[in-house]
Amino acid sequence: MSSVRSAPPAAPPRAPAPARPDAPRARPRPLRLGRGDRLFLTVIVGVPLLALLVFVWLPALASVGLSFTSWDGIEPSDIRWVGLDNYQEIFTNYPPFWPAVQHNVIWLLFTALLPTPFGIFLAYQLDRKIRFTRFYQTAIFLPMVLSLAVVGFIWEIIYNPDNGLLNGVLNGAAPGHHIDWLGDPDLNLWAVLIASAWRHTGYIMILYLAGLKGFDPALKEAASLDGANGRQTFLRVVFPALKPVNIIILVVTVMESLRAFDIVYVLGGGVGSKPGMELLSLLITDNIIGESSHIGYGSALAVVLLIVSLLAIGTFLAQTFRKEDQ
Amino acid sequence: MTMQSRILSPVTDPSRRTVVRGTLGVGAAALAAPLLTACGGGPSADPKTVTFGSNGADATPKSAYAAVTSAFTKDSGLKVKTNTVDHDTFQKSISTYLQGTPDDVFTWFAGYRMQYFAKKGLARPLDDVWDTIGSGFSDAAKQLSKGEDGKYYFVPLYNYPWAVFYRKSVFKERGYEPPRTWSEFTALAKQMKKDGLSPIASGYGGGDSWSILGAFDYLNLRANGYDFHMSLMRGEVSWTDRRTSRTLDLWRELSPYYQQGAGGRSWQDAAQSLLDKKSGMAVIGLFLGQQITDEKLRADIDFFAFPEIDAAHGQDTVEAPTDGFMLSRKPKNEKGAARLLEFLGSAQAENLYMGADPSNVAVHSAADTGSYNALQKKSAELIASAKHITQFGDRDSDPGFVSTVVLPGLAQWLGHPDDGSALLKKIESQRSRFFTA
C-alpha cells in the first residue's frame, strides 16, 4: 500500500479524484486518505497479500529449502540436510527425469503448433457468421466445460483396447489390428496429447472469438478495399491487431503445457507416472504423495519445474514489455 | 507452484482426506504436517463412539464391513462411525492421513507395509488386544502381525492366495491338464495359443500395473527361492544379481503367451476374458471371484499353484496377502478402539465378513469353514500347506520403491521384453535412495 500513499506528486496525474470546481487547486496534490479509506485499503490489500504470502510464497520458499534436504515427511526432526545431492541425483541418476523433460517439451511444441493455431482458425471461421455458428461454438467449447475426470473417462472409452471406439472403427476398416493406445509406451503420450488437444482447442477458440468480437470491422473493410484477400486480411490486419489476445493465448499455452498433469493422471489410471507418459509434474507427485514419500527429492523436482516455468514466462514477459516500451 | 492447485483436480471425492492430501501439495507439507499433528487430539472424544477408517469402497467389502460393525454395536453398545474411502486413494494418502486426524481403527495390510508405519510411530502397539485374541491365530499369523520391534501392530481379518486360475470346462473341452512344472506350463500355453486362445489373460493398464507383480513374485520365488526373494524385496541384495536376470529371462519366455493389449486393459477386463473363455489362464488372486456376476459360473472356476521351476524350491511358497486392521497412534477413544479390535480379531467377525464376501479366506483358526465354497476350501488348503507365505510385491517391499521404480520399469519392459539387464540396472540405481535412510 505504501506505493499508493507515497506516489510522487510529479507522477502523471492518473485521475486522482478530479479536482472539484468549488475548491480549485493550483496543481493536483496526492490524495490524502481518510481513516476509513486507509482501513479499507489495508484490509483489501493486506488480506490477499497475506494469503498470497502464506499460501503461495511461503510454501514455494519452503519447497526450495526442503529441496536441499532428505525427509520422509513424518517427523520434522528427521529432516536431514543433504546439500545439492537431490539435484545431482535427479540430473544424473533418475531414469524418468530426462524422458519427463522431453515429454514436457513435446507437450509444449505440440500444443503450440497444433491445437492452438487450430483453435484460432476455428474462431476466425466461426466469426464469419456462418450458419449454425452458435451450434458449432457450443460443440467445440463443450469439452472445456466438462470436468477433466469426465474428459479422462470419455477418452478411456475411446482408447479401450478390447471394446474401445477407436479399435472398433479400425477393426472395421482393417481387421486384425489391435492397438494398445494407452498401454504402449511409444504411443500413449500421443494418445493423451490428442485428448488434451480436444479440450485445448475449444479453450483457445473461445478466447480468440472474444477478441474477434471486439475487433473493429472498419479495419477489415479497409483491407478489402485495398484488395486484400481473406488470408492477407487475417495475417496482415486481424492477427497483428489482436496482439493482446495473442499474448494471452501464448501465455495460456505455455502454462498449460508446463503444468500438464490432470489428464495424464486420469488416463494413466491415477497412479502417477506411467512408462511413456512421464511428466515433471507427475514425478513430483510420485515422490511427494504416496506411502513412502521423499519430500526433499520431490521438492527438488518441483524447484526444477519452477525454474523452468519462471524462465519461460520471464523471458516472454521481458520480451513483450521491452517491445511495448519502445 | 501451479502444481498445488492441479493436484486436487483428478480427485472427485471431496472427502476430508483428499482435501488433506491436496493441501499437502508440493511444499505445503512442511507447513501443514505440524499443524495437523497439533490438532490430532481432536475436540470431541465421544466415549460411546469408535471411528473406523475403511478402504472397502466397493459394494461387496462395504456391505461386509457394515455387517461386522453393526454386529459389534449390538454386542458392545458402542457406535462405530465408518469413514469409507476409495481403495487407491486410501493407500496413496495413508501417510498424510495417519499424521492428520486418522480414525481410531483403520484397515491396512500385513507385511513390510505395516511395519513401515509401525516403525515411524504412526500406529499404536496392540499387545493388550493380542492377549485376548492371540489363541485364535496360528504362529504364522502372529508373525505376520508383528512390527520389527516384536510388538503386535496388526489384527488380521482374511487373506487370499495368488495362483493360476482357469475354467474347468475349457480344460475339459480341450483336454488340457493343469501343469505342475515350468516345461508343462509353457507347453500348455503354446498349445492354447495354437487353439486360438489368449493363453494368459493379462491387464495392467491404468492403475492396475500392480497386478503384474504376482507373476514377477512367483517367477522369482520358484526360480530363486523365498530367502532370495525377500532379500530382494527388502533392498538387501542387488537387482542386477544374476538370479534376478534369470527371473526376467523366464518371464520373457512367457511373454509371447500374454493376452495382447495388456498395457491398456484393467485387471477386471482381463479376468472377464478368462470368464468369457477367450483366455485360457490367469495369474491372479482369489479376488478374481469379485468379477463373477453369475453365481453358477463360480463352480466352473479352479486354480493350480504356480508351477515349479527349480526342484530345490518346488512350490513351497504361496503368495497370500493378508488384510486387517491397525490402531492409529492417538485414538480418540482408546478403550472403545481396543474393544473393536478384539471383536475384529474374533471368529465371529470373520464369519460375518466372509458371509458377505466369499472371495477371501478367514485367518482365525476357529472361523467357520463349513460354508466355504470349493474355491475357498482349496485356497485354505493351499495356504495351510505352504512352507513360506509372502504378502505381495508392494507389501513385502518399500511401497514407494515398488510403485515409482519397480512397477513402471517392469511394465515398460513387459511391453518390449528384450534387454532385461538395462531395466535391472535402472532399478538398481534407485535402490539406495529407498533403503539406506
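Predicted model: local features only at pLDDT ≥ 70, side-chain atom pairs only at ≥ 80, totals over all residues.
The four strands form an open sheet in chain B. Their order is S6-S7-S5-S8, and the pairing is mixed. Strands S6 (198-200) and S8 (301-304) of chain B stand at the edges. Each has a single partner strand, so one side of each is left without a neighbour in the sheet. On average, neighbouring strands of this sheet are turned by 30° against each other, direction ignored.

Strand S5 of chain B spans residues 162-167, and strand S7 of chain B spans residues 279-285. These two strands pair in the antiparallel sense. Five bridges join them. In one of the bridges, B:Ala163 has B:Ile284 of S7(B) as its partner.

Attention now turns to chain A. Helix H15 of chain A covers residues 295-325 and includes A:Ala300. The relative accessibility of A:Ala300 is 0%. A:Ala300 therefore counts as buried, the cut-off being under 20% relative accessible area.

Which residues are in contact with A:Ala300, leaving aside its neighbours within four places in sequence? They are A:Ser67, A:Asn86, A:Tyr87 and A:Ile90. A:Val64 lies 236 residues from A:Ala300 along the chain.

Methods. Residues numbered from 1 in each chain as written. Chains lettered and ligands numbered in written order. Heavy atoms only, no water. Pairing = 2+ DSSP bridges. Axes fitted to C-alpha atoms, helices over the stretch in contact; angles between N-to-C directions. Buried < 20%, exposed > 50% of the residue type's maximum accessible area, 1.4 Å probe, protein only. Contact = heavy atoms within 4.5 Å.
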